[in-house]
Amino acid sequence: MGPGSHRLSLGLLLLLPLLPDCFGAEGRLAHRLFRDLFANYTSALRPVADTDQALNVTLEVTLSQIIDMDERNQVLTLYLWIRQEWTDAYLRWDPDAYGGLDAIRIPSSLVWRPDIILYNKADAQAPASASTNVVLRHDGAVRWDAPAITRSSCRVDVSAFPFDAQRCGLTFGSWTHGGHQLDVQARGAAASLADFVENVEWRVLGMPARRRVLTYGCCSEPYPDVTFTLLLRRRAAAYVCNLLLPCVLISLLAPLAFHLPADSGEKVSLGVTVLLALTVFQLLLAESMPPAESVPLIGKYYMATMTMVTFSTALTILIMNLHYCGPSARPVPAWARTLLLGRLARGLCVRERGEPCGQSRPPESSPSPQPPDREAGPPAGPCHEPRCLCHQEALLRHVATITNTFHRHRAAQRCHEEWKRLARVMDRFFLGIFFSMALVMSLLVLVQAL
């Protein structure tokens, strides 16, 4: 080791006692600055040199998280970072007199703070002061950053639920200082969303800021405030899967009751089952929605579907009465036979088995009675003459009785078949009508999700 190395080591040994003084100089200067600033300072009075001068407060809000949106109670809970900046005329110093120290951080309870609160708060508890520090600069500028969990009232409009968008305003202003004493300004045109945590139910479209100056009935001086309007749009995927799609499928199932055979005995049971299922979903929806004058879109869809199912069940009962018309029923009216069994049956392709579509069934000709064979052998009777008139008259009476009975039976059977055919035509007609209504209503609601 050479002589130069010995001289360097000796210099370091001589400087070691001076290092604690160098490292502790900033701390001692900060303590001296703190004692000088707060020797005659009070946080009870507004820190302005001229009492007629208004103190400007700049407000900046950063949205961090949407904690809860209570639609029933119309309360919005947010986690915000609130930054307030103002100038304190009594907290200034020369940085050169304190070793270049230009800023210090001190507890916020030591300095005067503006009484800016949330006007439309919906919390029963008194606002608690955040125990955070303030940054104090040498020119008197004070910056106070504090986190806050706010519960604000928000008018929720659920008329388009679950495809609705909400506008919730958060109004901040001074509670006791008017505009001549404290002026509130917003920093920037909107709140910051840089640190926002995405919400699973709501999509944030923006949070613009707007300054207003209002005069209230209690006071003559104006009061400025800053309103941050949170623009929200609901994420409807979960509601579509859990509430809307089951209702759509059930509504498309309801018209199929007209396609069930009447002899199955399940036509009315299907309609009643569908109606009960829709009622259950309606109750689930009513539990989550606030009681309001405006009915949600999905609620309107439920009511329209339930009304349609009710009418379809009632029509099914009437059609079953037509189907089970007995032999003693009156014949089908002529206009119904022409319009319904003729044109409408061909248009709806209602045909008998083996009958081609679009053609009406040819009218059945009633069988005419055949005269008895006079060449037959002599009938048994008291008269042994084969051509005795008594035998022919008795035979004709028996044949006429059998023929009339057969005609009556065939007429009653034909009347019964016509009523059954009429019931099938009405079933096919209402199947198309109600299925089209259910499909159109479902498409109108699902289009809102696009």
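In the predicted model, strand S3 (residues 103-107) and strand S5 (residues 133-137) run antiparallel and are joined by 5 bridges. Within this pairing, isoleucine 106 has valine 134 of S5 as its bridge partner. S5 is also joined to strand S6 (residues 141-153), again in an antiparallel arrangement, through 3 bridges. Here leucine 136 stands opposite valine 142 of S6. S5 and S6 form a hairpin in which 3 residues lie between the two strands. Glycine 140, located in the turn, has a positive phi of about 90 degrees.

A search of the whole structure for disulfides returned 1. A disulfide is a covalent bond between the sulfur atoms of two cysteines. The bond is formed by cysteine 154 and cysteine 168, with their sulfur atoms 1.9 Å apart. The torsion about the S-S bond of this pair is about -70 degrees, and the disulfide is therefore left-handed. The pair links distant parts of the chain, the two cysteines being 14 residues apart. Cysteine 154 lies in the loop between S6 and strand S7 (165-174), whereas cysteine 168 belongs to strand S7.

Helix packing was examined next. Two packed helices are described by the angle between their axes and the distance between the axes. Helix H4 (residues 237-253) packs with helix H5 (residues 267-288) at an angle of about 165 degrees, and their axes are 10 Å apart. Angles over 145 degrees count as roughly antiparallel, so H4 and H5 are roughly antiparallel to each other. Their crossing is left-handed. On the H4 side the contact consists of Asn242, Leu243, Pro246, Cys247, Ile250 and Leu253, which meet Leu270, Val274, Ala277, Leu278, Phe281 and Leu285 of H5. The residues of this contact divide into 11 nonpolar and 1 polar, with no charged residue.

H5 packs in turn with helix H6 (residues 297-323), at an angle of about 165 degrees and with the axes 9 Å apart. H5 and H6 are therefore roughly antiparallel to each other, and H5 passes H6 in a left-handed crossing. Residues of H5 in this contact include Lys267, Val268, Gly271, Val272, Val274, Leu275 and Leu278. Among the residues contributed by H6 are Ile298, Gly299, Tyr302, Thr305, Met306, Val309 and Met320. By class, the contact of H5 with H6 has 13 nonpolar, 8 polar and 1 charged residues.

Notes:
Residues numbered from 1 in each chain as written. Predicted model: local features only at pLDDT ≥ 70, side-chain atom pairs only at ≥ 80, totals over all residues. Heavy atoms only, no water. Axes fitted to C-alpha atoms, helices over the stretch in contact; angles between N-to-C directions. Helix = DSSP H or I, 4+ residues; strand = E, 2+ residues; numbered from the N terminus. Parallel < 35°, antiparallel > 145°, perpendicular 65-115°, else oblique. Left-handed = near helix turned anticlockwise from the far one by under 90°. Contact = heavy atoms within 4.5 Å. Nonpolar A, V, L, I, M, F, W, Y, C, P; charged D, E, K, R; others polar. Pairing = 2+ DSSP bridges. Disulfide = S-S within 2.5 Å.
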